[in-house]
Amino acid sequence: DSGVTQTPKHLITATGQRVTLRCSPRSGDLSVYWYQQSLDQGLQFLIQYYNGEERAKGNILERFSAQQFPDLHSELNLSSLELGDSALYFCASSPWDRVRNEQFFGPGTRLTVL
Amino acid sequence: EDKVVQSPLSLVVHEGDTVTLNCSYEVTNFRSLLWYKQEKKAPTFLFMLTSSGIEKKSGRLSSILDKKELFSILNITATQTGDSAVYLCAVEAPGGSYIPTFGRGTSLIVHP
């Protein structure tokens, strides 16, 4: 158990809908990273927040947005969902504004878009 | 565009065998390379390598980096069924902020 929690565990929804994925980092960690993992794309970095502010952006679609709240939990919002958005979404946390040693990954949220 | 390529894609061995997983990369301003093990769910950290030629070891696992030839290997000796997982390699290349690039992974299956 990494200490990072993600909810929900599974999510099934229809195309065109909007969903929110939630992540609570390890106690004391200020950075939260979001990743998308699909069979054809592998693990892709989406976005990083550090202490409430956006720090780095990867291959994140405009239909996706994220934020980190004062209590350091983070939410990833996915809107106008398409079939291709079906994937495993991971959140990871670390104490630093950049990776010094390792990131701690949560168990992931499996999103299925029908 | 930064690129990380892992080989082989998939590997099936018997318990007790030794395996070598490869990770080659093309990134500008390389800073570090990380190995992760992903079983059913979340990736877990194995090693971080920054210097060429220095082997990192943890039990039966070891890894080494060659910055001149731009690759790293992960060795697992005396494999066990519990080593069955996808092994991911990621490269960090700073550019104002950290954006990790992951390889597609090597799937290792160890049969008893």
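Predicted model: local features only at pLDDT ≥ 70, side-chain atom pairs only at ≥ 80, totals over all residues.
Is A:Asp85 buried or exposed? A:Asp85 is buried, because its relative accessible area is 4%, and the cut-off for buried is under 20%.

**Salt bridges in chain A**

A search over all chains of the structure finds five salt bridges. A:Asp85 takes part in one of them with A:Arg63, where the closest N and O atoms are 2.8 Å apart. A:Asp85 sits in the loop between strand 8 and strand 9 of chain A, and A:Arg63 in the loop between strand 6 and strand 7 of chain A, so this pair ties together parts that are 22 residues apart in sequence.

A:Arg63 also meets A:Glu82 in a salt bridge through their side chains, at 3.7 Å from N to O. A:Glu82 lies in the loop between strand 8 (74-78) and strand 9 (87-94) of chain A, while A:Arg63 lies in the loop between strand 6 and strand 7 (64-68), so the two tie together parts 19 residues apart in sequence. A:Glu82 is partly exposed, with a relative accessible area of 44%, whereas A:Asp85 is buried. Together, A:Arg63, A:Glu82 and A:Asp85 are linked in a network of salt bridges.

**A salt bridge in chain B**

In chain B, B:Arg60 and B:Asp83 form a salt bridge, with the closest N and O atoms 2.8 Å apart. The pair links distant parts of the chain, 23 residues apart: B:Arg60 is in the loop between strand 6 (56-58) and strand 7 (61-66) of chain B, and B:Asp83 is in the loop between strand 8 (71-76) and strand 9 (85-92) of chain B. B:Asp83 is buried at a relative accessible area of 4%; B:Arg60 is partly exposed at 25%.

| Pair | Closest N to O distance |
|---|---|
| A:Arg63 and A:Asp85 | 2.8 Å |
| B:Arg60 and B:Asp83 | 2.8 Å |

**Strands of chain B**

Strand 1 of chain B, residues 3-7, has a covered face with B:Val4 and B:Gln6. Its uncovered face holds B:Lys3, B:Val5 and B:Ser7. In a regular strand, side chains alternate between the two faces of the sheet. Strand 1 pairs with strand 3 (residues 19-26) of chain B in the antiparallel sense, over five bridges. Within strand 3 of chain B, B:Tyr25 stands opposite B:Val4.

B:Phe45 belongs to strand 5 (residues 43-49) of chain B. B:Phe45 is buried, with a relative accessible area of 18%. B:Phe45 and B:Leu88 are 43 residues apart in sequence, and their C-alpha atoms are 9.4 Å apart in space.

**Interface of chains A and B**

At the interface, 24 residues of chain A are in contact with 17 residues of chain B. The two chains bury about 1700 Å² between them, of which 57% is on carbon and sulfur atoms. The number of salt bridges between chain A and chain B is zero. Two residue pairs are in polar contact across this interface, both at pLDDT 80 or more.

On the side of chain A that touches chain B, the elements giving two or more residues are strand 4 (31-38), strand 5 (42-50) and strand 6 (53-57) of chain A. Strand 5 of chain A gives the largest share, four residues. By class, this side of chain A has ten nonpolar, eight polar and six charged residues.

Methods: Residues numbered from 1 in each chain as written. Chains lettered and ligands numbered in written order. Heavy atoms only, no water. Contact = heavy atoms within 4.5 Å. Buried area = accessible area lost by both parts, 1.4 Å probe. Salt bridge = Lys/Arg side-chain N within 4 Å of Asp/Glu carboxyl O. Polar contact = N/O pair within 3.5 Å; in protein donor to acceptor, adjacent residues only side chain to side chain. Nonpolar A, V, L, I, M, F, W, Y, C, P; charged D, E, K, R; others polar. Buried < 20%, exposed > 50% of the residue type's maximum accessible area, 1.4 Å probe, protein only. Pairing = 2+ DSSP bridges.
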